[in-house]
Amino acid sequence: MKERLREALDGCVRELLAEAGFAVEAPPLQVEPPRQADHGDFACNAALVLTKTLRRPPREIAEQLAARLGDAGGLVARTTVAGPGFLNVWLSNECWQRGLADLVRAGDRVATSRSGGGARVQVEFVSANPTGPLTLGHGRQAVIGDCIARLLQVVGHDVTREYYFNDGGRQMRVLGESVKARYLEQLGRAAAPPADALADAELPWPESLGGLPVVFPRDGYQGEYISEMAADLREQHGDGLADEPAAGRFREVAQQRIFREIEATLVALGIRFDVYTNEKTFYEDGSIDRVLADLRAKDLVYDADGAVWLRATSLGLERDRVLVKSSGEPTYLLPDIAYHREKLRRGFERVIDVQGADHIEQFPFVRAAIGALGCDAARIELVMHQFVTLTRGGQQVKQSTRRATYVTVDELLEEVGADVFRFFMVQRKADGQLDFDVDLAKDRDWKKNPAFYVQYAHARTHGIERKAVEQGVAMPATDAFDASALVLPAEIALIKKLLEFPEVVEAAAAAREPHHVAYYLREVAGLWNPYVQDGVHHRVLSDDAALTRARLGLALGVRGVLAQGLGLLGLSAPERM
RNA sequence: GCGCCGAUAGCUCAGCUGGAUAGAGCACCAGGCUUCGAACCUGGGGGUCGGGGGUUCGAAUCCCUCUCGGCGCGCCA
C-alpha cells in the first residue's frame with residue numbers, strides 16, 4: 001500500500017523536476033504514517049526536500065504535487081497540504097479493504113518474504129561455558145539471539161544458530177577443582193573455606209582449618225549445584241575418587257552434566273542450536289598455530305615478558321594484547337580469532353555475534369585481527385546487550401555471580417513460564433538494561449501482563465470462531481474474502497495496523513532488533529481487544545450476514561498477524577486461555 | 001583517568017538513517033456498561049525528551065560539552 005503510493009509520488013516528483021528543467025535525480029522521499037491520525041494515512045515530505053532545488057516555497061510545490069497525483073488510479077481518497085509543506089494523503093477505504101483481503105489470503109505467512117535472497121547467516125549466541133546454570137543475562141541473550149535468527153529466517157535467510165564454548169581454559173580447570181574440593185569436604189578429608197572469605201576476596205584465605213586442608217579454590221564456583229554433583233559422585237563411587245585428579249573425572253563429569261542442563265534449559269525456552277563449536281577443535285586441527293603463524297608473517301606478533309603479544313596498536317587499537325601466556329597456554333583471544341576466521345571460511349555472508357556488555361572489549365581485537373589476516377571483517381556484526389536486573393515486590397534483587405546468589409533461568413522459567421519469559425526478555429531494545437518485573441510477569445491478569453495481552457488477543461479470534469460455529473455461521477473463505485462492509489474507523493485503523501506488519505518485520509530483521517516486533521504486537525492487540533470488547537457499538541456476529549462475514553475475515557487477518565508475530569518471538573499462539 | 005551503553009509522563013518503556021501539537025502500557029481521576037467472544041468501554045489530567053551550547057527551514061533524534069547511572073579497561077573468559 002505504502003509502496004504503491006510511494007511509486008506514484010516518485011513519478012510525480014520526477015515529472016515535476018523534468019518539467020522545471022532539472023536533470024537531477026529525484027531525492028529519496030519519505031512516505032510515512034504521521035504521528036497524528038488527522039494528518040492522513042501517509043505524509044510525504046517531498047515538497048520540503050525539493051524546495052532548495054526548485055527554489056519555490058514548499059507549500060506551492062506540495063500543491064502542484066497534489067494536483068498531479070490526483071487519485072492515483074483509485075488509490076487516493078483525498079490529499080491536503082499542511083504545516084510547512086507536508087502532503088497528507090488519505091487512501092480510500094476500498095484500498096484498505098483490498099489490502100485486508102490480501103492479508104487474509106496470506107494467513108500466518110503475512111510477513112514471510114524472500115528479501116534475504118537465501119543468504120547464509122550465522123547467529124552465534126549464549127556461548128556460555130559449562131561452569132554453571134544459565135543466568136538471566138544468558139537468558140536474555142538466548143532469547144534475543146533466537147528471535148534475531150527467527151526474523152532472519154522469515155525474511156529469507158539461511159540461518160545457522162551456533163553455540164561456541166570453551167572447555168580448555170582456566171574456567172573448566174577451576175570447575176573440576178571446585179567439585180573435587182566439595183567431594184573431599186563431604187568425605188571429611190578437607191575443610192570448607194569460611195563463608196566470609198568466599199564472599200570477600202580481600203579477606204585472608206586459610207591453608208587449613210581444624211587440622212584439615214582447605215582445597216576449595218579461592219576463585220572456585222560456589223553454587224549449590226557443585227556440592228550436589230560432588231554428593232552424587234560420592235554416592236556412586238564412595239571415596240574411590242579421592243586420588244582422582246580434579247582435571248580428570250571431576251572436571252569431565254561436571255562439564256558434561258552442566259552442559260546437559262544448559263541444553264535442557266534452552267530447550268525449555270524453545271531454543272535449539274544447529275551447531276556447537278568447541279574451542280578444542282581449533283587446537284586439534286592446527287588452526288590456532290596457523291593463525292599465530294599468519295599473524296607473525298604480517299609482523300603483528302612479538303614476544304615480550306615470556307608471552308606472545310598481538311601488535312594491536314599497529315591496527316589502530318588502544319593497546320597490545322597477549323595471545324599466548326608465558327605458561328604457554330593461549331588466552332581466549334587467540335582461539336577466538338581462529339574461530340572467526342573459520343566462520344568466514346565456512347561461507348557465511350553475515351556472521352552475527354550476540355554478546356553481553358561485559359564482552360564488548362574483545363570484539364574490536366577479533367575484528368582487527370581478522371581483517372589483518374585478509375578476511376572481510378565487515379561481514380562480522382556485533383549485537384550487544386546490557387544486563388538484566390530483577391525486581392520483585394518493588395525491590396531490586398541483588399545478583400552476584402561470585403557468591404552464586406543469582407537467579408537462574410531455570411528458576412525464573414518455573415515461576416513465569418517460557419512464553420512470558422521470552423516476551424519480557426525481548427520487549428526492550430538490547431542495548432539498554434532490562435528490568436525484569438517478576439510480579440508483573442507472574443500476574444495472570446491478561447489486561448496487565450503484556451505477554452498474555454497479546455496471546456489473549458490471538459485466542460479471541462478463535463473464541464469468536466467457536467461462537468460463530470455454535471451459531472451455525474461459517475468462517476469466510478480466505479481466498480475469496482470480501483471486506484467491503486468494513487467501514488468503521490476502528491476497523492480501518494485495525495486494517496492499517498495489520499498491513500504494517502511485513503515492513504515491521506523487515507525493519508526488525510535488518511536492524512537485528514526484535515523488540516520492535518513485541519511492541520508492534522502490543523499495538524495490534526491494543527486495537528483488537530477493545531474492538532472485540534466494545535460490544536455496545538458493534539458486534540462481530542450480527543444479523544447482517546455480509547457484515548458478519550467481513551468481521552470474521554478481520555478476525556482471520558488479526559489471527560494471521562498475531563500468530564506469525566508470536567511465532568517470531570518464540571511464543572505460543574494459544575487458541576484459548 | 002580512558003572506552004562503550006543508558007538518561008523521554010508517577011512507574012516500565014517505544015520513538016533516535018532530523019519533520020507537524022513527543023507516544024504506549026500500568027498507575028491516577030471522571031463518567032458509562034452489568035458479564036455476552038466482556039478479568040469491560042469512553043474520556044481526562046500528567047513532560048524544561050538529564051543540563052548547557054552548536055548545526056538548520058525544522059533537533060528527543062546529528063555534533064560538542066557537562067552531570068548522573070551500568071559495564072569494561074587481566075598473561076580471566
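Q: What makes the largest nonpolar core a core, and which residues have the most contacts inside it?
A: In this predicted model, the largest nonpolar core has 140 residues, and Leu5, Leu100, Phe421 and Phe436 have the most contacts inside it. Leu and Phe are among the residue kinds that count (Ala, Val, Leu, Ile, Met, Phe, Trp, Tyr and Cys, buried and joined through side-chain atoms within 4.5 Å), so these four qualify as members. Buried means under 20% relative accessible area, exposed over 50%, partly exposed in between, with a 1.4 Å probe and protein chains only.

Q: Which helix gives the largest share of this core?
A: Helix α21, residues 545-569, gives 11 residues. Helices are DSSP runs of H or I of at least four residues, strands are E runs of at least two, and both are numbered from the N terminus.

Q: Which residues does leucine 5 contact, leaving aside neighbours within four places in sequence?
A: They are Val31, Phe42, Leu69, Leu75, Val76, Val89 and Leu91. Each counts because contact means heavy atoms within 4.5 Å.

Q: Where is serine 113, and what does it touch?
A: Serine 113 is in the loop between α4 (93-106) and β5 (120-124). Not counting residues up to four places away in sequence, serine 113 touches Val154, Val155, Gly156 and Glu506. Between serine 113 and valine 215, the C-alpha to C-alpha distance is 58 Å, with 102 residues of separation in sequence.

Residues are numbered from 1 along each chain as its sequence is written, with chains lettered from A and ligands numbered from 1 in the order in which they are written. Local features need pLDDT of at least 70, side-chain atom pairs count only at pLDDT 80 or more, totals for chains, interfaces and linings use all residues, and side-chain values use heavy atoms, leaving out hydrogens and water.
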